[in-house]
Amino acid sequence: MARHHRDPVDDLDDDPQNPYASSNRWRHQESSAFARAAVARDATTGSSSKELSDFLNASRVEPRRPASNGNGAGVAYKPIVIGDADQDVDHAATHDGKEVVCGPLLNYRHMEGTAWYGSVLVVTRGGGATQSFQPSLRLGRVESAAGQAGLVSNGPPTDAAGEVRENGSDAIHSNHGTDVAAICLYSDPRVTFWNFPIACDMRATETKWAYSISHVRYKSATKPQTNYFFVPAINESMRIMFHSCNGFSVGTDEDAWSGPALWNDVMRNHAKAPFHVMIGGGDQIYNDGIRVSGPLREWTAIGNPKKRRDYVFSEALRQECDDFYLNNYIRWYSTEPFAAANGQIPQLNIWDDHDIIDGFGSYVDDFMKCDVFRGIGGVAHKYYALFQHHIAPPQSSYITAASHSKEPAGHVEQARQNDTYIKAASTPDSCYIMGNKPGPYVAERSMSMFAKLGARIAFMGIDARTERTRHQVNYPETYDLIFERVTSELAAASRAGQPFRHLILLLGIPIAYPRLTWLENILSSPVIAPIKFMNRRFGFGGGLFNHFDGSVDLLDDLDDHYTARTHKKERNALVERLQGLCAGMSVRLTILGGDVHLAALGRFYSNPNLHIPVEEDHRYMVNVVSSAIVNKPPPAAIANLLASRNKIHHLNADTDETLLNLFDKDPGDSNTTRGSNHVTMPSRNYAILTENSPNNRALVTNGQMGPDGQDTPSNTFDGKDGHSFLHAGEQDAGTQHKAARPDTHGKRNDGSLDCCIRVEINQHDREGQTEPYGLTIPALRYESGKYGTNIHHRLGIRHHRSRPGTAISTAPPSTAPESHH
């Protein structure tokens, strides 16, 4: 596989057809048959059960499609992998280091005292062991800027220390101008990564900031020279935007889905009420093309599993994979309108499998330990660290030991290693919770996160990919580190008289979600063995098995889920530990999850026989499932199947879980799902969360207003199970809820959290118009010992069985709660 090294972007024009696409049609790579069934399906059409069987059984190879750019102007946008030659990074050419090929990318780090800390990253063309040019960034608080939406004026300038110019326009005056020198994170002859650590002082009102990078030029003539972002007031919480699955699967007809159109809707809503943080829940980029048109194509084509496991990950192959990941990141992070959001909304990201390759971590152990998987895990981590976290990569990458290699490293590879700069390792930023030891397949420590999202909201993100295996999500000691850090932070805030009222937990994959154990049992049963044998010998059923370890292709997806049989004990222990955290700190937990290409709203809550109002229920946790913002959804038949599995499950004797009837209608005038499905929505989407700040001018309430303008009494919901609304904030959940309306979203002052999932109306609309669905999550008022428990006298309960009266409900959501007798 070794060859003389070419520039990575030169290789992008070589896009041969791929006969080796994964057969996994559950939520990843799509087939031509699926494209005909799903892509051509208009948003207003329904589906049938035949669509489900077609989806699970058709072949997967997708014909090559024309490129397009998804900017809403009707011009074909650029796919993730296939790019134009003018973006090439030429190893042989000499560059002045001033051309920006990607960025700026804006990240949020943490808050400390009255200061907001973040970073800006740009990638410039050319570089090496030394850099002859060092850019600088000009940062200023905007005091007056004509025509700038969302500007918060703080009176006349008091110290005109600097100014920023926007595309040759009049100066934008700032009373806090400062220059920030760039820090080189990584540089080789292809590119240089420059990081600008920035700090902003917080004030009594929300502030708008401007930044520009001096003495550089952008490849695109339309790229703004100045970018703006917003920092919340010191006594307010952040407005949060959440997304996941931000890319297209291999073979998807991207033009039929209007490209990344929903980012246009994100930017429209950002202009109306600016987001302070953008949380990426995994799959911020899809790198699966590496085995389709990339350097792993030859490896993927090997039919013998043993030969594939023993394949050498040489230095030459490592460099080709490095080129692929670098180029793919540059292409995708420069794609509009996603690129515009990158420079204006500060990000917090946790990775998932597609940031590496489809299913990474969920294949059988001996195959995951092969050289190729370990090698690409290291390369993917390098660019995950650089692009998504703005931190320097490790000093070395994994390759097969030289004594095992049939090909010694060539002159080109050695020269590039000697002409590379990597910033020396330093103490990680305080926002990171680093694992104690490397992962089993990625030889790096996990990077979970804690950050303060303004005055009363805290954030914890669990890195659920670095340590993942088929039988484990995270090491037990990693959970200990995370809970020790979060408990310490919450306790410190409480002692300071500024307690957190809400805790946002990012898991990536949903944890309150319908079970598919029956499907797992079938696909892993002895019945499959003869078919697997025929597949190995004769290719029979090729669409059913993946080309990595020969297992049933759908199993890696099912094994990824917290609700999978192999993760059940770990999942239940995590939820019970979270319940203890909420009780000990009287903080309301809200979970963010993506991955499944559906919108849904799961929740845990106390057994109704305990008669605990949700406002006082530490077990009440909402799982906001928002996926995907870019990738196409599965057919409606899949969503309807999941809805039919929406039983009330029992975590333990005190805790139930099920999905909320959130979707009172399909988006727009469409007929996307069957009439009985009000819990899963197979359309692209993203979520917005906003605190109903106690500083707002409104009536003090803790949920949904009744028709007379007063609060709905909490005891009205006493005894209800999860197939009904459980509290006032869930009443009338959906399009008519106050959290779904921009004029009332986040405008009350009871300390609750408004959640709105914005769902795409029409896949053919390049403007990405959406329909909002809302509910309100109340703050927690926990009082220890006030309510009883079932645990001491119901230890023998069989958690996986339904209690009487908790079977699947197919009725539409009620418009008003029933009285309890």
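A residue is called buried when its relative accessible area is under 20%, exposed when over 50%, and partly exposed in between (1.4 Å probe, protein chains only). The model is predicted, so local features need pLDDT of at least 70 and side-chain atom pairs count only at pLDDT 80 or more, while totals for chains, interfaces and linings use all residues. Residues are numbered from 1 along each chain as its sequence is written, and side-chain values use heavy atoms, with hydrogens and water left out. Helices (H or I, at least four residues) and strands (E, at least two) are DSSP runs, numbered from the N terminus.

**Helix α11**

- In α11, the buried residues are T478, Y479, I482, F483, V486, L490, A491 and A493.
- These buried residues pack against β18, β19, β20 (457–461), β21 and α15, where contact means heavy atoms within 4.5 Å.
- Helix α11 covers residues 476–495, and its 20 residues should span 28 Å at 1.5 Å a residue, which agrees with the 29 Å between its end C-alpha atoms; the expected span is 1.5 Å times one less than the number of residues.

**The nine-stranded sheet**

- An open sheet of 9 strands runs in the order β18-β19-β20-β21-β22-β24-β23-β26-β25, with mixed pairing; two strands pair if DSSP finds at least two bridges between them.
- β18 (432–438) and β25 (649–652) each have a single partner strand and stand at the edges, so one side of each lacks a neighbour in the sheet.
- On average, neighbouring strands of this sheet are turned by 20° against each other, direction ignored; axes are lines fitted to C-alpha atoms, for helices over the stretch in contact, and angles run from 0 to 180 degrees between N-to-C directions.
- β18 pairs with β19 (residues 445–452) in the antiparallel sense over 4 bridges, and I433 stands opposite S448 in β19.
- Helix α15 (residues 568–585) packs on the sheet, and the strands it touches include β21 (502–508) and β22 (588–593). The direction of α15 makes about 70° with that of β25.

**Strand β4 and its partners**

- Strand β4 (residues 115–125) is largely enclosed by the rest of the structure, because 10 of its 11 residues are buried.
- β3 (residues 99–112) and β4 run antiparallel and are joined by 9 bridges; L105 stands opposite L121 in β4.
- The hairpin of β3 and β4 has 2 residues between the strands, and G113 in the turn has a positive phi of about 65°.
- β4 also pairs with β10 (residues 191–201), antiparallel over 11 bridges, and N195 in β10 is the bridge partner of L121.
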